[in-house]
Amino acid sequence: MAILLFLIPISLLLLGVAIWAFVWSVRDGQFDDLDAAPLDILRDDPPAPSAKAHAPAAPEFPAPEQPVPEQPASTHPAQPAPDTPASGKPQPRDAD
């Protein structure tokens, strides 16, 4: 029974906080227009601006071209080159 002397004031304090929060939200206009938010989701968005209008300007001087790395004899990366076995080590070539 002694715990009621502790719980009743705490519950009254929480009730007071809840009433204050409700009054504050009503005065702040939170409940003024309850129908607009559900209807806003149904409206179409305005069209996005075109990408050309906001495209960055091209640089005055083109960047220098990078050298193209040499491609191995095999065109598929999973296949080893003809002189390379599956182990990845090159085989010695026969001298003719």
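Click on Phe31 to begin: at 44% relative accessibility, Phe31 counts as partly exposed (buried means under 20% relative accessible area, exposed over 50%, partly exposed in between, with a 1.4 Å probe and protein chains only). Before moving on, note that this is a predicted model, where local features need pLDDT of at least 70, side-chain atom pairs count only at pLDDT 80 or more, and totals for chains, interfaces and linings use all residues. Residues are numbered from 1 along each chain as its sequence is written, and side-chain values use heavy atoms, leaving out hydrogens and water.

A search of the whole structure turns up 1 aromatic pair. Phe22 and Phe31 form that pair, tilted, at 6.0 Å centre to centre with 45° between the planes (rings of Phe, Tyr and Trp, using its six-membered ring, pair if their centres lie within 6.5 Å; planes under 30 degrees apart are stacked, over 60 edge-to-face, the rest tilted). Phe22 counts as exposed, at 51% relative accessibility.

Next, pick Ser25, which sits in helix H1, residues 4-27 (helices are DSSP runs of H or I, at least four residues; strands are runs of E, at least two; both are numbered from the N terminus). Is Ser25 buried or exposed? Ser25 counts as buried, with 11% relative accessibility. Leaving aside neighbours within four places in sequence, Ser25 is in contact with Gln30 and Phe31 (heavy atoms within 4.5 Å).

Step along to Gly29, which follows H1 and has a positive phi, near 90°.

Finally, zoom out: the chain has 2 helices and 0 strands, and 2% of its 96 residues count as buried.
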